[in-house]
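Subject: Structure handover

Hello,

Here is the structure I promised to pass on. Please open it before reading my notes.

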Amino acid sequence: MFRITNMLKELQAPTAVGPRRDPPGPVVIWNLTRRCNLTCKHCYALAVDKDFPGELTTEEALRLLDDFKAFRVPAVILSGGEPLLRPDIHLIARRAKALGLYCALSTNGTLIGPAEMDEIADVGYDYIGISIDGSQETHDRFRRLDGAYESSMQAVRQSVARGLKVGLRFTLTRDNAHELDDMLALMDAEGIERFYLSHLNYAGRGNTNRRDDAVFKMTRSAMDRLFQYGWDKLQAGTPKEIVTGNNDADGVYLLHWVAQRFPERLDHLRQKLVQWGGNASGVNVANVDNEGNVHPDTMWWHKTLGNVKKRSFGDIWRDTSDPLMAGLKARPRKVHGRCAACIHFDICGGNTRVRAEQVTGDPWAEDPGCYLTDGEIGIEDSTRERVALTPYSARRKAIA
């Protein structure tokens, strides 16, 4: 996850640069159920509206929370399918909160009426993420349900009215990239605090529909717009929390954006980006699915590391006997192609390995989703790009 607003704040008020710090345990995205009332085009879980055998029982789920606490997991994100279709969702969330875990709810929002909102407010979720894919027409088409947009937006409005922290989740494809400005305008109009843009990743129906992935020009345009929107809000004293996911090249692209506008901050920002460190799959981000299988992240459902019914989560997560986990935890990761030659590898960490694996069969190949040019990552003789990213201090000395 790339926190754009936090990085932009470094342009206003730089903070001390320190070594990269990993949390004591990973943030866990927990797919409590695979059942869902929608069949979204980009669903990585291939969720449908039916019961799936073998899902964790309430007792097993509560025991797993104790396991998370023992392994010092700092946060759990309760997801699905649609997590609100699990009758014990709020019981699980209350237990997570009682253990001191940050607890977020990731939902499509369509099932949140007044009574459900009362429960959500009573639990006190730390964050509620609701997926909106664009205009009403676009959203309903993506979600394959007429009226889904209005139901989801009612949930957003109820959350805002209750004073709960709520954010929009938007998956960028070439079918909705042109509606990004409308989404940001919606943020302002509805008083929404947070916006999460997810690049399409190649998993589940997202893999089947990867031909709809936004072309690189559209991706770059979207990132330019997010950077400028975030900066304008900071300057106006009305900051919004802007976050992206599933493409760690965003950090390097921000570096180029800053080089053109705030060259005096370039050195500092690069150090902060290196401190961030890019892709965290298998290290600081984990996934547990509805049956208790542990995966390196939510896009690796075809790769199971173990099952919490048989082994503790901590034992599974520490185990590097699996070559994939050993490779993900290695520093630096042993990647190939453009990623290996990239002069900014220390920022993005090789980006998203599952995209490389889905396209080439090799998880250590270059990420086909990297939208940066060869010149921008320093692997061709492109004087203009290299000069643009020469640290400000070095350029000043050269001019003197």
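Below are the notes on what turned up.

This is a predicted model, where local features need pLDDT of at least 70, side-chain atom pairs count only at pLDDT 80 or more, and totals for chains, interfaces and linings use all residues. Residues are numbered from 1 along each chain as its sequence is written, and side-chain values use heavy atoms, without hydrogens and water.

Aromatic rings come first. The structure holds eleven aromatic pairs (rings of Phe, Tyr and Trp, the last by its six-membered ring, with centres within 6.5 Å; planes under 30 degrees apart are stacked, over 60 edge-to-face, the rest tilted). Y253 and Y371 form an edge-to-face pair, because their planes stand at 70°, with centres 5.5 Å apart. The two residues lie 118 residues apart: Y253 is in helix α10, and Y371 is in the loop between α16 and α17 (helices are DSSP runs of H or I, at least four residues; strands are runs of E, at least two; both are numbered from the N terminus). Both are buried (under 20% relative accessible area; over 50% is exposed, in between partly exposed; 1.4 Å probe, protein chains only).

F313 and W317 are stacked, with centres 5.8 Å apart and planes at 15°. They sit four residues apart in helix α12, about one helical turn. F313 has a relative accessible area of 0%, and W317 has 3%.

Ring pairs also join F227, W231, Y253, W257, F262 and Y371 into a cluster.

Elsewhere, D133 lies in the loop between β5 and α5. D133 is buried, because its relative accessibility is 0%.

Best wishes
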